[in-house]
Amino acid sequence: MLHAVRTAYYDSSEEIPEIPANEGLRSPLGPRALPQDLRERMRSARELLGKTERELLPTGLPVLDRLLDGGLPRGELVEVVGGRSSGRFSLVLEVLAATTRAGEPAALIDLGDHLDPARAEAAGADLSRLLWVRPRTVEQALAATEMLLGAGFPLAVVDLGLPPVRGGRGIEAGWLRLARAAAARGAALLVSAPYRASGTAAAAVVELDRGNARWLRSGSSPVLFAGLGGRLALEKRRGGAAGQSAEIAWRSAECLAPPAPPAPIVQPERFFERPRLAASA
Amino acid sequence: MSRKSDADRSRLACLFVPLFPLAARLRSEPELIREALAILEGNGQAARVVAATRAARAAGVRPGLSLPQARALCPKLAVRARDATSERAAEEALIEVADAFSPRVESARDGTVFLDLDGIPHASLRGAAAVDPAALERALGQDLAAAADAAGLPARVGIASSKLAARVAAGLPGSPVIVPAGEEAAFLAPLPLARLAPQVDLSATLERWGVRSIGDFARLPSAEVASRLGRSGSELHTVARGLDPHPLVPREPPPTFEEGMSLEWPLATIEPFLFIGRAALERLTRRLESAGLACLRLELDLALEPEGNLRRSIELPAPSRDVKTLLSLIRLDLEANPPGAPVIGFVFRSHPDRPREAQLSLLGPAALSPDRLAATLARLFALLGPERVGSPRPTDGHRPERAALVAFAPPPPPLVRERAAERQGRGLLGVRALRPPLPLEVITEGPGPNANPEAASNAAPARPIEVRPVVGGAGEDAVRRLEIRGGVRVAAGPWALEEGWWTDDPADREYWDVELFGGSVYRLFRDRTTGDWFADGIYD
């Protein structure tokens, strides 16, 4: 067959002229002639060779992006830990919304079966790009996540639901395996758990502390739930300093108050300490 | 056909697999190819050898022997029964080989396939200006034989202007044998009459007449032959003169693809079955691949011992050709519902569909590979069940615990990646839906749930002040596990939700947002028809 194809366009005895090098590609006009948008994405081979910069997946939350130096690192496992009403599920929805809105598919492994599609849509998610998987146990969740990472999903979010987690914390080896699968595929893996679950597999751990619930009331009018406050703190950072924290505010979908501007990042006073919220929270 | 000039006569190729029952068996069990193996037809004492491998033939085993006779000649002879299932699959595979060369293909059973070669060996295709048509046909014949070889069937090829001459040519050694147009009768004449495979009684009669070759027979006057040998003799005479009694009848491609085999021993465990099944699935997917198709539904027919049949149908979420996935789906299906009896034969039937294709983008985000996605979805279906995997959709109505699932088929990614700044989120508070809503005991102040609803609607609503699990209720365990209990710090509400009053399952609810002293914020509702309280969400 190959022989037939080859002889179709040249004869074995024929002299074949060399293809002349295209000078135009080397001229200074080359990449500069491209639009700005395109030029930013172009890298020379030499630049790429020494490049160790990690690819990031923006989360849609400026506070979290700044804590993680730009977003979820692709190819690594990031764990968010938070109790009830800490805003952990809202964070998951924001990350899913940001990714699907950018046209990338995402998978939510929802152990507690907690997703309300209408809320996810309100948060801005493109549901057609979201795969919703509802395992019954942690083992199933781990197996499903590994399959999804293998299928090439650029973002997989594992939400372990409310405490106590069905089936325990999962086996640490399982989380390490997932972290390796994510690294092999260059996928961002976000684990949302009520308490630390992924152990040493996590490249970064963000802890969410519950803040005060905000209620609106003026005079004798009915009380209105306006949202939740909270604090994000970087508990662990592989290859970087941890301890920074920032306030975050979640507004209720029913409340029409404008979103609060992102709060500044607070640096830790000493290495192992970070500011805690008031005891009343 | 004879009215056309020789140059106009259409050319036919015959693809013929000698010792077809053996070839079909060896396609399923290639490790037996060097053994002394005989294929037997019939039961018990009546079983006769129909084909044997080269090692067995060297020992003297030939068609027609009984098993004891064959064993006496070759003590180490391995024996297999004729297997209709693998023969059917091999037949299909042979037809598909022919399909790759010509759109007009006729299957003549028992490892014989005819192809219409009209317009195929065109000189321009092979890059040479003027080539001898015989050389072209020879090259085509070699390609055909090589393609059949790749499908696991050692075929011989004959090319002629009539079906019969092509079939006889294919039976000769030195494949491919080319019979030039118009020389069919001359080609057939010197060959022994046995090449036409006449019926046993006819051949005895002809031998008594002294007719040895096809040419001798063709020279007899046809009317006399018809009056003495009857209809079958007349047909054989037509054939001997090089005339086709039947024109080529092209077949319709099958809507399904089948592979399978009958087993020598019944299998009672799943591992050996999957081992054999894997090879059959590989053959099936190779055939699907050659047709550019993929499997959308896999049917599994199991023949059980001592009697009975079991048919299973496995739906795939998207067309797939991944053997590993198909095999794990079969395993999960059989493990979930074991057949209950040993398996003595099986057929995999694939209902094909076009595989999904994706357009890659240079600057936008990468799309998922449709093949890999289909395989993954199939495995997730097998792991969790189809009702737990899909793309979420909001449903009509306001009950938050309701959700719909549709098949996950993401649209193609945008051509250019969005900038990070455009990705900023809305910072909306999410709610964890509790499915099903958890029953609670809620202490209220103000008019109680037993108060007259007419009166209660005008007065201040009953405000929750404490939440605790319902003792002995259906969801008590879940509520205790999630620790939904405590005094209410702030309660906001009520908001009414009423929908579906015209259906069997109406909702008439009074919603409250409630912050407990522990700090968690819940969404509770009171069912206004029964007065029961439920938690259906946690703000988180």
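How many residues does the contact take from chain B and from chain A? In this predicted model, the contact takes 74 residues from chain A and 55 residues from chain B. The points below begin with the side of chain B that touches chain A, and then turn to helix 13 of chain B, to a pair of helices in chain A and to strand 20 of chain B.

**The side of chain B that touches chain A**
- Several elements of chain B each supply at least two residues of the side that touches chain A, among them helix 13 (370-384), strand 13 (389-393), strand 15 (431-445) and strand 20 (533-539).
- Helix 13 of chain B gives the most to this side, with 7 residues.
- Sorted by class, the side of chain B that touches chain A has 28 nonpolar, 15 charged and 12 polar residues.
- Strand 13 of chain B pairs with strand 5 (residues 130-133) of chain A in the antiparallel sense over 2 bridges, and B:Val389 in strand 13 of chain B stands opposite A:Val133.

**Helix 13 of chain B**
- At 1.5 Å a residue, the 15 residues of helix 13 of chain B should span 21 Å, which agrees with the 21 Å between its end C-alpha atoms.
- Helix 13 of chain B is largely enclosed by the rest of the structure, because 11 of its 15 residues are buried; the buried residues include B:Asp371, B:Leu373, B:Arg379 and B:Phe381.
- The buried residues of helix 13 of chain B pack against strand 5 and helix 9 (138-150) of chain A, and also against strand 11 (309-320), helix 12 (323-336) and strand 13 of chain B.

**Helices 9 and 10 of chain A**
- The axes of helix 9 of chain A and helix 10 (residues 172-185) of chain A come within 9 Å and cross at roughly 10°, and these two helices of chain A are therefore roughly parallel to each other.
- Among the residues making this contact are A:Leu142 and A:Leu149 of helix 9 of chain A, together with A:Leu178 and A:Ala181 of helix 10 of chain A.
- By class, the contact of helix 9 with helix 10 of chain A has 5 nonpolar, 3 polar and 3 charged residues.

**Strand 20 of chain B**
- Strand 20 of chain B is mostly covered, with 7 of its 7 residues buried.
- Strand 15 of chain B pairs with strand 20 of chain B in the antiparallel sense over 6 bridges, and B:Phe534 in strand 20 is the bridge partner of B:Pro439.
- Strand 19 (residues 521-527) of chain B runs antiparallel to strand 20 of chain B and is joined to it by 6 bridges, with B:Arg526 opposite B:Trp533.
- The hairpin of strands 19 and 20 of chain B has 5 residues between the strands, and B:Gly531 in this hairpin takes a positive phi near 85°.

Conventions: Residues are numbered from 1 along each chain as its sequence is written. Chains are lettered from A and ligands numbered from 1 in the order in which they are written. This is a predicted model: local features need pLDDT of at least 70, side-chain atom pairs count only at pLDDT 80 or more; totals for chains, interfaces and linings use all residues. Two residues are in contact if their C-beta atoms, placed from the backbone, lie within 7 Å. Helices (H or I, at least four residues) and strands (E, at least two) are DSSP runs, numbered from the N terminus. Ala, Val, Leu, Ile, Met, Phe, Trp, Tyr, Cys and Pro count as nonpolar, Asp, Glu, Lys and Arg as charged, and the others, Gly among them, as polar. Two strands pair if DSSP finds at least two bridges between them. The expected span of a helix is 1.5 Å times one less than its number of residues. A residue is buried if 20 or more other C-beta atoms lie within 10 Å of its own, exposed if 12 or fewer, and partly exposed in between; C-beta atoms are placed from the backbone. Axes are lines fitted to C-alpha atoms, for helices over the stretch in contact, and angles run from 0 to 180 degrees between N-to-C directions. Angles under 35 degrees count as roughly parallel, over 145 as roughly antiparallel, 65 to 115 as roughly perpendicular and the rest as oblique.
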